[in-house]
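Please examine the fold below with attention to its nonpolar packing and its aromatic rings.

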Amino acid sequence: MNYIDAADAPALRDGAIKLHGPSGFEGMRKAGRLAAECLDHLAPLVQPGVTTGDLDDAARTFILDHGALPATMGYRGYKHSLCTSINHVVCHGIPGPKPLKDGDILNIDVTVIVDGWHGDTSRMYAAGEPNRRAERLMGITYDALMLGIAAVKPGNTTGDIGHAIQSFVEGERYSVVEDFCGHGLGQLFHDSPNILHYGRPGEGEEIREGMFFTIEPMVNLGRAGVKILSDGWTAVTRDRKLTAQFEHSIGVTKDGCEIFTLSPTGLHKPYAA
């Protein structure tokens with residue numbers, strides 16, 4: 001894999017991994033914080049009877065009022081500011097008019113553009129009172145994310161991240177979705193490298209200081225299989241069992257990593273495993 005100074009890199013995905021300096025970290029801090037603040041803003045709105053369309057409207061207003069842009073609006077024809085994935089929807093759920101029911105769990109995924117930088121994050125929520133199985137699934141998924149993040153440091157590999165996530169999740173008798181992955185980002189929404197949530201230690205790309213990427217494991221209560229619905233976006237579990245996801249954007253530092261998308265109010269971990 002080719003690594004290149006981000007200052008010399010073209011503004012396109014060309015297969016090279018971009019290495020960023022202090023100005024890039026500052027840009028990502030601002031974008032990541034606003035994305036996290038947007039999810040914090042939505043937290044009290046997630047209630048039975050509220051529609052995901054309502055949440056999308058609230059997010060779009062929040063983002064625009066803060067001088068930023070929703071990265072997903074217009075992306076490959078997508079028309080919304082959020083992805084809202086309920087119960088057995090793995091990812092890319094489309095906001096709509098159907099009200100949330102008591103006990104529903106959902107992932108809300110948002111990406112904002114601030115001064116050209118992308119802050120990408122997602123978090124699990126519950127409408128009303130989720131059951132214990134749903135709570136535990138969300139807790140395990142969050143813990144898997146943080147174990148993946150703990151594996152990030154220069155000299156390790158992307159396979160170390162995937163192995164940390166997969167070994168933990170499967171040890172808890174859940175399944176890791178292999179059809180979707182994390183990705184590089186920065187001044188591009190999706191960039192190199194791909195970050196798989198499964199793998200073997202020492203395999204994959206070498207992690208180097210200055211890399212920016214997301215880690216966003218999707219964990220299923222049942223089997224790992226997914227399918228895409230006819231809308232071309234919505235991915236669901238084949239066995240229709242519950243699924244959960246958490247996502248952070250991070251930057252690799254000299255001795256570990258910086259999480260750009262931590263909730264400033266501590267709402268990034270709503271449920272314990």
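Leaving aside neighbours within four places in sequence, Phe213 is in contact with Val152, Ile161, His183, Gly184, Leu185, Ile195, His248, Ser249, Ile250 and Val252; contact here means heavy atoms within 4.5 Å. The model is predicted, so local features need pLDDT of at least 70 and side-chain atom pairs count only at pLDDT 80 or more, while totals for chains, interfaces and linings use all residues. Residues are numbered from 1 along each chain as its sequence is written, and side-chain values use heavy atoms, with hydrogens and water left out.

Phe213 belongs to the largest nonpolar core, which has 35 residues; Val152, Ile161, Met211, Phe213 and Ile215 touch the most other members. A nonpolar core is a set of buried Ala, Val, Leu, Ile, Met, Phe, Trp, Tyr and Cys residues joined through side-chain atoms within 4.5 Å. Buried means under 20% relative accessible area, exposed over 50%, and partly exposed in between, with a 1.4 Å probe and protein chains only. Two or more residues of this core come from each of strand E2 (17–19), strand E7 (117–126), helix H3 (132–150), helix H4 (158–171), strand E11 (212–215) and strand E16 (248–252). Helices (H or I, at least four residues) and strands (E, at least two) are DSSP runs, numbered from the N terminus. H3 gives the most to this core, with eight residues. A second, separate core of 29 residues includes Phe25, Val114, Ala127 and Phe212.

Aromatic rings provide another view of the packing. Rings of Phe, Tyr and Trp (its six-membered ring) pair if their centres lie within 6.5 Å; planes under 30 degrees apart count as stacked, over 60 as edge-to-face and the rest as tilted. By this rule there are seven aromatic pairs. Tyr75 and Phe189 form a tilted one, at 5.0 Å centre to centre and with 55° between the planes. Tyr75 lies in the loop between strand E3 (69–70) and strand E4 (82–86), and Phe189 in the loop between strand E9 (182–184) and strand E10 (191–195), so the pair ties together parts that are 114 residues apart in sequence. Tyr75 counts as partly exposed at 25% relative accessibility, and Phe189 counts as buried at 12%.

Tyr142 and Phe246 form an edge-to-face pair, at 5.4 Å centre to centre and with 80° between the planes. Because Tyr142 lies in helix H3 and Phe246 in the loop between strand E15 (243–245) and E16, this pair ties together parts that are 104 residues apart in sequence. Both Tyr142 and Phe246 are buried. Furthermore, Phe25, Trp117, Phe212 and Phe260 form one aromatic cluster.

Tyr174 is placed in the loop between H4 and strand E8 (175–176) and counts as buried at 9% relative accessibility. Not counting residues up to four places away in sequence, Tyr174 touches Arg136, Leu137, Ile140, Val169, Val219, Asn220 and Leu221. Its side chain is joined to that of Arg136 by a polar contact of 2.9 Å. A polar contact is a pair of N or O atoms within 3.5 Å; within protein, one must be able to donate a hydrogen and the other to accept it, and residues adjacent in sequence count only if both atoms are side-chain atoms.

His118 lies in strand E7 and is buried, with a relative accessible area of 7%. Beyond neighbours within four places in sequence, its contacts include Leu185 and Phe189.
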